[in-house]
Amino acid sequence: MPSSVSVWEAALDEEILALEQFQALLDEEQGLLMSGETLSLIPLAEKKNQLAQRLIDLTTTRRELGAPPAGLCTDRLSTLLVDTQKAETTNRTNGELIQIRLRHNQQALTILQQAAQKATLYGPDGQTQAPAAGTGRPLASG
């Protein structure tokens, strides 16, 4: 029967490996966000969700093992902590990049909708009509 130290070490090693894979996906996601290749984000998001669930399962399993046993190499715990913090930071940065992209997309959509409204300013007789009050954007707004 394996010792509690070796069981803990195996659990940590598996979690660290999964976290490294997750970080690689986060780095890939960030590269896609920076380059604007948003269509490639869809399959990546599925992989990211699957790996995030695996990490949750591994963390649960490790916690079920109880407190770390005496004699456990603390370097593995330190590695796990550092890797977790790095993944959290990268994930937060990616979320901010996604929010920026969403705001830009919303602004572009608003501009296109306004252009579409202006394009329909012709009446049934083919003559231009004055826009309704309050439509469009004032020239001074950015």
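The model is a predicted one, in which local features need pLDDT of at least 70 and side-chain atom pairs count only at pLDDT 80 or more, while totals for chains, interfaces and linings use all residues. Residues are numbered from 1 along each chain as its sequence is written, and side-chain values use heavy atoms, with hydrogens and water left out.

The chain holds three helices and zero strands, with helices (H or I, at least four residues) and strands (E, at least two) taken as DSSP runs numbered from the N terminus. Read along the sequence, the pattern is α-α-α. Of the 142 residues of the chain, 23% count as buried, that is, under 20% relative accessible area, whereas exposed means over 50% and partly exposed lies in between (1.4 Å probe, protein chains only). Among contacts (heavy atoms within 4.5 Å) between residues at least 6 apart in sequence, 76% join residues at least 24 apart.

N94 lies in helix α3 (residues 74–119) and counts as buried because its relative accessible area is 0%. Apart from its neighbours within four places in sequence, N94 is in contact with L26, E29, Q30 and L33. Q23, for its part, belongs to helix α1 (residues 4–35) and is buried because its relative accessibility is 8%. With neighbours within four places in sequence again set aside, the contacts of Q23 are with K86, A87 and T90.

The axes of α1 and helix α2 (residues 41–64) come within 10 Å and cross at roughly 160°, the axes being lines fitted to C-alpha atoms, for helices over the stretch in contact, with angles that run from 0 to 180 degrees between N-to-C directions. The two helices α1 and α2 are therefore roughly antiparallel to each other, since angles over 145 degrees count as roughly antiparallel, those under 35 as roughly parallel, 65 to 115 as roughly perpendicular and the rest as oblique. The crossing of α1 past α2 is left-handed, meaning that the near helix is turned anticlockwise from the far one by less than a right angle, clockwise being right-handed. The residues of this contact of α1 with α2 divide into 15 nonpolar, two polar and eight charged, with Ala, Val, Leu, Ile, Met, Phe, Trp, Tyr, Cys and Pro counted as nonpolar, Asp, Glu, Lys and Arg as charged, and the others, Gly among them, as polar.

Within helix α2 lies T59, which is buried, with a relative accessible area of 17%. The side chains of T59 and E15 are joined by a polar contact of 2.8 Å. C73 is found in the loop between α2 and α3 and is partly exposed at 31% relative accessibility, and E88, in helix α3, is likewise partly exposed, with a relative accessible area of 47%.

| Pair | Apart in sequence | C-alpha to C-alpha |
|---|---|---|
| C73 and E9 | 64 residues | 7.9 Å |
| E88 and Q23 | 65 residues | 9.1 Å |
| T59 and A11 | 48 residues | 8.7 Å |

Notes: Polar contact = N/O pair within 3.5 Å; in protein donor to acceptor, adjacent residues only side chain to side chain.
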